[in-house]
Protein chains: 2
Amino acid sequence: MTDSLQKALAHVARQVDGVLQTVLPVEAGPEGRLFAAMRYATLAGGKRLRPLLVVASGDLFKVPGEHSIRVAAAVELVHTCSLVHDDLPAMDDDDLRRGQPTVHRKYDEATAILAGDALLTLAFEVLAAPATHPNAELRIELVRALAVAAGAHGMVAGQAIDLAAATLGLDTGGVTRLQLLKTGALIAFCCEAGGILGHATVAQRHALKAYAHDLGLAFQIADDLLDIEGDAAELGKAVKKDAAAGKTTLVGLMGVEQARRQARLLATQAAAHLDLFGAKAALLRDLTEFAISRRS
Amino acid sequence: MTDSLQKALAHVARQVDGVLQTVLPVEAGPEGRLFAAMRYATLAGGKRLRPLLVVASGDLFKVPGEHSIRVAAAVELVHTCSLVHDDLPAMDDDDLRRGQPTVHRKYDEATAILAGDALLTLAFEVLAAPATHPNAELRIELVRALAVAAGAHGMVAGQAIDLAAATLGLDTGGVTRLQLLKTGALIAFCCEAGGILGHATVAQRHALKAYAHDLGLAFQIADDLLDIEGDAAELGKAVKKDAAAGKTTLVGLMGVEQARRQARLLATQAAAHLDLFGAKAALLRDLTEFAISRRS
């Protein structure tokens, strides 16, 4: 990871955690457990890659940080919802996440289901608040784009297909589509949001979309490789889960060597889409390299 | 039920089902099962009371039907999400809903979790679309109000408290608060939405809020009474679940006779809040009577 990327990630993580702390207060009373579970899931310290994508995309258009960081927080809330629900016994049945017990292990299944629902709802509340941007037209565009990215034609569809993947017998095209939905849709929203906040031109929006498309796939292949070759302690979660679950992955279809080449190709291609932004896109460019070289 | 209420319910049900059919298409491909589950849950024919509340509140201000019906559809999507998730084994563990297998029994738990997430997300997508209202300021106000009503300070908080109710030892005040959150918040949003769409005055908004407050509680007490005295076949779901789960209800705290008096008092009071709307509020007034006299 480049120094500037590391610094930017740390900075964005601090900023986004500040917003998340504000919108997720400690609550007393009988609903205290629900809020505790929401805070536990959200403030456990993920890498905050999606928030960085929102902020770095916004920076291309000089979007004020106080606007992009709230959109970044909304994305992280949706992402956290998907992790909490994905970890449930009826879904991936995971006990560990980032080295800590998953929400349903730390609390209970019912609380985990409700915490996910509440985090998803909160994301839209955050976007809708005037603090996110004074222009209502722009806020409603963000709400709509996030709903499309997160819902049954986006992330949730990807999760549904992923659950069935073991029995579907997907080919490379099918698995690519799965990944574009499951992780790609929200990553694409991050870059789209920067463009929305920054009143980007059509050409600029297309470039960001193409970048997000390739970056998302590169990330996913790197994730699959880590599941095969990674270290459980370093990752903070179980490894070799895909094979155990009989899931078809791109790495499984292509083999490790070809998958590694494919990830490299996608990262290079992602960076190329940023050419029209010139030097301003340095951070987004650094992310393409990080996507395929990370160890966790 | 009055004739005009019965007619209005049937009309609104047809209209809202039309919108729901449009936003919930049959999908082919590996995500077909997810969409089938979403359609199964949503189009199974509930009473559509919440949609009627939105439309009848909007009618007070001559809100065009094509606007209020989309908000009504969004409310029904959120309501359906809550039913699907509430029925899960980790929550209320119900096998039947409206006389049919619950979503996780008809499909599977994972699909039920994801279908709920997708329905919740779709509600915000529907509200955010320009078809709901040409004015973005107004649409974003609706998004924000629905998120507040549905989330961790509203409906989901109520569900969380309800799950813990057996062990919390709630008194009348505690149970009332639970019910105001669990069912009252979304009912209040229905009336609030009519006011938002209709540019209601502050006094009119207060009246609608007070009406919804009392109507929601009256409905809930009637629900609790039906759980004790109702017929499982007529209701299409299991009865005497509250007692079996050791849940504290207002009926349990007050006794059947006092609870019946309380429901009647709340219904009368709810109707009184509508005085400033005069004859225009006939349908909303009819609903207060229906709330406490229904058999299912």
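**Figure 1. The loop between helix 2 and helix 3 of chain B, with R48(B).** R48(B) sits in the loop between helix 2 and helix 3 (49-59) of chain B; helices here are DSSP runs of H or I of at least four residues, strands are E runs of at least two, and both are numbered from the N terminus. The model is predicted, and local features are given where pLDDT is at least 70, side-chain atom pairs where pLDDT is 80 or more, while totals for chains, interfaces and linings use all residues. Residues are numbered from 1 along each chain as its sequence is written, and chains are lettered from A and ligands numbered from 1 in the order in which they are written. R48(B) counts as buried because 25 C-beta neighbours lie inside 10 Å. A residue is buried with 20 or more other C-beta atoms within 10 Å of its own, exposed with 12 or fewer, and partly exposed in between, the C-beta atoms being placed from the backbone. The phi angle of R48(B) is near 60 degrees, a positive value in a residue other than glycine. Most residues other than glycine have a negative phi.

**Figure 2. The loop between helix 2 and helix 3 of chain A, with K47(A) and R48(A).** K47(A) is placed in this loop, between helix 2 and helix 3 (49-59) of chain A, and R48(A) lies in the loop too. K47(A) counts as partly exposed, because it has 14 C-beta neighbours inside 10 Å. R48(A) has 25 such neighbours inside 10 Å and therefore counts as buried. Phi of R48(A) is near 60 degrees, which is positive although the residue is not glycine. From the C-alpha atom of K47(A) to that of D94(A), 47 residues away along the chain, the separation is 19 Å.

**Figure 3. The buried face of helix 2 of chain A.** Helix 2 spans residues 32-42 of chain A, and its buried residues are L34(A), F35(A), A37(A), M38(A), A41(A) and T42(A). Viewed down the helix axis, these buried residues fall within an arc of 160 degrees, so they line one face of helix 2 of chain A; the arc is that of the directions from the helix axis to the C-beta atoms. Among the elements that cover them are helix 1 (3-23), helix 4 (65-86), helix 5 (103-106) and helix 6 (109-128) of chain A, and also helix 8 (155-168) of chain B.

**Figure 4. The contact between chain A and chain B.** The same surface serves both copies, as 100% of the contact residues of chain B recur in chain A. Two residues are in contact if their C-beta atoms, placed from the backbone, lie within 7 Å. Chain B gives 43 residues to the contact and chain A gives 43 residues. On the side of chain B that touches chain A, at least two residues each come from helix 2 (32-42), helix 6 (109-128), helix 7 (136-150) and helix 8 of chain B. Helix 6 of chain B supplies the largest share of that side, 13 residues. By type, the residues of this side of chain B are 30 nonpolar, 5 polar and 8 charged. Nonpolar covers Ala, Val, Leu, Ile, Met, Phe, Trp, Tyr, Cys and Pro; charged covers Asp, Glu, Lys and Arg; polar covers the others, Gly among them.

Figure 5. Apart from neighbours within four places in sequence, A218(A) is in contact with A263(A), L266(A), A267(A), A270(A), T288(A), A291(A) and I292(A).

Figure 6. F61(B) belongs to the loop between helix 3 and helix 4 (65-86) of chain B. F61(B) is partly exposed, with 18 other C-beta atoms within 10 Å. Leaving aside neighbours within four places in sequence, the contacts of F61(B) are G194(B), G198(B), H199(B) and A200(B). L265(B) lies in helix 14 (residues 256-272) of chain B and is partly exposed, with 15 other C-beta atoms within 10 Å.
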